[in-house]
Amino acid sequence: MILLSALAMAATPTQRIEIMPELIADLPRQQISIVGHDDSVQRCEGVPLTGVLAKAGLPAVSKLHGKDLRKVVVAHARDGYAVAFSLGELDETLGNARVVLVDKCNYEPLGQEDGPFRLALPGDQRGARMVRQLIALEILSID
């Protein structure tokens, strides 16, 4: 517990990215399948989170090294829920966690309960990191 508190105090916010339709409008789209809480399969569409981060000026994930590996992305939901990812785990040559910023499922825009944006992680066994009602990404640097 003390270690986590020390890390939280050492984290410096460096950037906040508000999630808006224009942010993802020109990024390449992907289709993925995810399993819902009721075990139903949803076919979703969105953009890779790494593309959103690159558009916001973060280094390309395949070129991460040094100080870049001390950066954390915190995904914030409208209801206050938040989940953290290290840049290293998002790097396809390191952690290779596939995270997609989704705006459509089953060929329809996401409704208010889940959207208008959410994160989807097709490789996760549980949906705990699939942030619904995504409003912002905050970049922190652990010093």
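Modeller: The model is predicted, and the structure holds one disulfide.

Biologist: What makes cysteine 44 and cysteine 105 a disulfide?

Modeller: A disulfide requires a pair of cysteine sulfur atoms within 2.5 Å. The sulfur atoms of cysteine 44 and cysteine 105 are 2.0 Å apart, so the pair meets that cut-off. The angle about the S-S bond is 100°, and the link is right-handed.

Biologist: Which parts does the pair tie together?

Modeller: Cysteine 44 belongs to strand β3 (residues 41–48) and cysteine 105 to strand β6 (residues 100–105), so the joined parts are 61 residues apart in sequence.

Biologist: How do you know whether cysteine 44 and cysteine 105 are buried or exposed?

Modeller: Buried means under 20% relative accessible area. Cysteine 44 has 2% relative accessibility and therefore counts as buried. Cysteine 105, at 9%, therefore counts as buried as well.

Biologist: Why does arginine 126 count as exposed?

Modeller: The term applies over 50%. Because its relative accessibility is 64%, arginine 126 counts as exposed. Arginine 126 sits in the loop between β8 (118–120) and β9 (134–142). Its C-alpha is 9.2 Å from that of glycine 36, although the two are 90 residues apart in sequence.

Biologist: What lines the largest pocket, and how do the lining residues divide?

Modeller: Gly36 is one of the lining residues, which also include His37, Asp114 and Arg132. The lining comprises three nonpolar, five polar and four charged residues. The volume of the largest pocket is about 200 Å³.

Technical notes. Residues numbered from 1 in each chain as written. Predicted model: local features only at pLDDT ≥ 70, side-chain atom pairs only at ≥ 80, totals over all residues. Heavy atoms only, no water. 1 Å grid on protein atoms, 1.4 Å probe; cavity = no way out; pocket = protein on both sides within 12 Å on 5 of 7 lines; lining within 4 Å. Points joined across faces, edges and corners; volume = space filled by probe spheres on them. Nonpolar A, V, L, I, M, F, W, Y, C, P; charged D, E, K, R; others polar. Helix = DSSP H or I, 4+ residues; strand = E, 2+ residues; numbered from the N terminus. Buried < 20%, exposed > 50% of the residue type's maximum accessible area, 1.4 Å probe, protein only.
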